[in-house]
Structures are given as C-alpha cells and as structure tokens.
Amino acid sequence: MKNQSEWWHEFFPSFRPVFERIPAKATNAIVRHLIKKLNLEPGMKFLDCPCGIGRIALPLARKGINITGVDFMQSYLEELERRAKNRKLKIRTVKADMRRINYQNEFHAAANIWTSFGYFDKESDNMLVLKKMYKALKPGGRFLMLLLNRDYVVSNFMAKDWFTAGNTRVFTETEFDYRTSKMKGRWHFVEDGIEKKHEMTIRLYSYHELAIMMERAGFIDIEGYGSIKDEPINKDSNGMLILGVKPRR
Ligand SMILES: C[S@@+](CC[C@H](N)C(=O)[O-])C[C@H]1O[C@@H](n2cnc3c(N)ncnc32)[C@H](O)[C@@H]1O
C-alpha cells in the first residue's frame, strides 16, 4: 500500500465491478435530478469530481452539457474516454487527486456523487475538497453531493455483508469508530477463486455537520434531502443529497 491512509490507491482498482451493480434506471434518475436541482442546460460547464467511469458524466454529456470529469484512476478515465468516443461525445478528463484541483470561477455547476467524500485521514483534507469545489464554481454556481448518511449507518449497522458484482463476489467486514465517526472496512473481492483484500476508511457525516462544513467553504442556500423525491433527511435515509450555492456577491 502506497501509504496506509491513502487506501483508495489499492481499493479502487478492485472496486471496478461494483459499478455494474447500479441499475441504469437508478443512474438515470440521479441524472434527471442533477439536471433539475443544478438548473443544467445544454452548453453549461459541469464538473464531475470524482467521475469514475463516467456513470453520470456520459448521460449528462448526451444532454449537451459540457463535462469535465476528474478522477485519480487512470484506468477509469480511459474507460470513460473509450465510451465517450463510441458515443461520439466530448468529455474533458483530468487525472487528479480531488484535493488538488485548481479551477477558479469556471463551472456553472459541480457534483460529488456516490459517497466520494470523507476519504481523507485529515479532516482538513476533506474540507479542502469542499473548498476546491466552491472555488471551481462561477458565482451563482450550484453544487450537489450524494453520500451515505452517518445516522442511517449507525442505526442499521452491518458488521458483515456480502454481494455479487458481475463475476465478483464481495464480502465486507466493517467497524464503526464512534470517536472519529470513521467507517473502517475490510473488503474481500473474489473472482475466479482469486481473493483480493483491501481496507478502506471513510469519515461519515450527519447532515448538520456537512451543512456547517459547506457554510465554512462559503456555500449559501444549503438544502438537504433524504431522497430524490425531496424527502427530509432522518435516520432512515440511507443517502443524503446536499445542495449548496456559491453566492453571486
Ligand atoms: C464510489 S466511486 C464514485 C464515482 C462516480 N462519482 C459515480 O457516481 O459513479 C468513487 C470514485 O472516487 C475516485 N477517487 C478516490 N479517491 C480519489 C482521490 N483522492 N482523488 C480523486 N478521485 C478519487 C475513485 O477512483 C472512484 O472513481
């Protein structure tokens, strides 16, 4: 492992089959929701960070939105590029750590989707991601996050779980550290009888905490929902959608 706290370097190459688990219907619903909540229109500039294999970026590009997709995984970006080319879509891909992006007043909207937040050991690094997203937006630009809700995880805690993703079976063993609010997992990926084990650690947030962090980053008009039906966030909301706006000044 590169550095014990930089678990994502080893984890995400094995994670690739897990993308297959998300039904196209669910992705399409999120895409429609992003278009609505971020007021996206053809020609607008949108930052998808991190973008993975382009699950969200590709359908948005098909709607004529001008996408920049950032991810640190070269193989994911290459897959996104191949799929974009096959569909005759243009998407700018950037290989970068989400803490290190340096855009300023460039995007009409941005998103961080599918619990792609809280990966860093230092809280200041998680905060830095919000600040970088804020900086990347034009005044009036809108930002949406979709991530696991800490309150749901602690009240429905699953110490062990398993699922299949394509030809891969995935077993997870998870602990929750109440001192740090970090979920520590050991994931076993088994394919063709070969097992790969990886550790991961995600800082989980409750809505009120993240709202404070978003405010500290500079966002205003913060709204949170427990589903794309705009239900309120409570302990039964598995995911949270949190929206913030960069002031026009
Ligand atoms: C759960 S996936 C979500 C991807 C995409 N947002 C989606 O909804 O399909 C998390 C993504 O974060 C990327 N990632 C992990 N650590 C990163 C980092 N430090 N900087 C940039 N991307 C990172 C992974 O490569 C992976 O594509």
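This is a predicted model: local features need pLDDT of at least 70, side-chain atom pairs count only at pLDDT 80 or more; totals for chains, interfaces and linings use all residues.
Begin by colouring domain 1 (8-148 + 206-245) and domain 2 (154-200), as the domain assignment of the protein gives them. The centres of domain 1 and domain 2, taken over C-alpha atoms, are separated by 23 Å. If you then select the contact, you will pick up eight residues from domain 1 and ten residues from domain 2; the side of domain 1 that touches domain 2 is made of three nonpolar, one polar and four charged residues.

Select V154 next, which sits in helix α6 (residues 150-155) and is partly exposed, with 15 other C-beta atoms within 10 Å. A distance drawn from V154 to K85, 69 residues apart along the chain, gives 42 Å between the C-alpha atoms. Then move to M200 in strand β9, which is also partly exposed, with 18 other C-beta atoms within 10 Å. Leaving aside residues up to four places away in sequence, M200 touches W7, F11, G185 and W187, and its C-alpha atom is 5.8 Å from that of K184, a residue 16 places away in sequence.

**Around the ligand**

Centre the view on the ligand and show the 17 residues that surround it, of which W8, P50, G52, R55 and W114 are the closest. By class, this shell holds twelve nonpolar, two polar and three charged residues.

Two of those residues deserve a look at their backbone. P50 is in the loop between β1 and α3, and the peptide bond joining C49 and P50 is cis, with omega about -5°. W114, in the loop between β4 and α5, has a positive phi near 70° although it is a residue other than glycine; W114 counts as buried because 20 other C-beta atoms lie within 10 Å.

**Helix α5**

Follow the chain into helix α5 (residues 123-136), whose 14 residues should span 20 Å at 1.5 Å a residue, in agreement with the 20 Å between its end C-alpha atoms. Highlight N126, V129, L130, K132, M133 and A136, which are buried. Looking down the axis of α5, you will find these buried residues within an arc of 160°, so they line one face of the helix. An α-helix has 3.6 residues a turn, so residues three or four places apart point the same way. The partners to display against the buried residues of α5 are β1 (45-48), β4 (107-112), β5 (137-148), β9 (194-203) and α7 (207-217).

**Helix α4**

Just after α4, stop at K88, which takes a positive phi of about 55°.

**A last stop in a loop**

Finish at D192, in the loop between β8 (182-191) and β9, where phi is near 50°, again a positive value in a residue other than glycine. Is D192 buried or exposed? D192 counts as exposed, because it has 6 C-beta neighbours inside 10 Å.

Terms used: Residues are numbered from 1 along each chain as its sequence is written. Domain bounds come from an automatic or database domain assignment. Two residues are in contact if their C-beta atoms, placed from the backbone, lie within 7 Å. Ala, Val, Leu, Ile, Met, Phe, Trp, Tyr, Cys and Pro count as nonpolar, Asp, Glu, Lys and Arg as charged, and the others, Gly among them, as polar. A residue is near a molecule or strand if its C-beta atom, placed from the backbone, lies within 6 Å of it. Helices (H or I, at least four residues) and strands (E, at least two) are DSSP runs, numbered from the N terminus. The expected span of a helix is 1.5 Å times one less than its number of residues. A residue is buried if 20 or more other C-beta atoms lie within 10 Å of its own, exposed if 12 or fewer, and partly exposed in between; C-beta atoms are placed from the backbone. The arc is that of the directions from the helix axis to the C-beta atoms.
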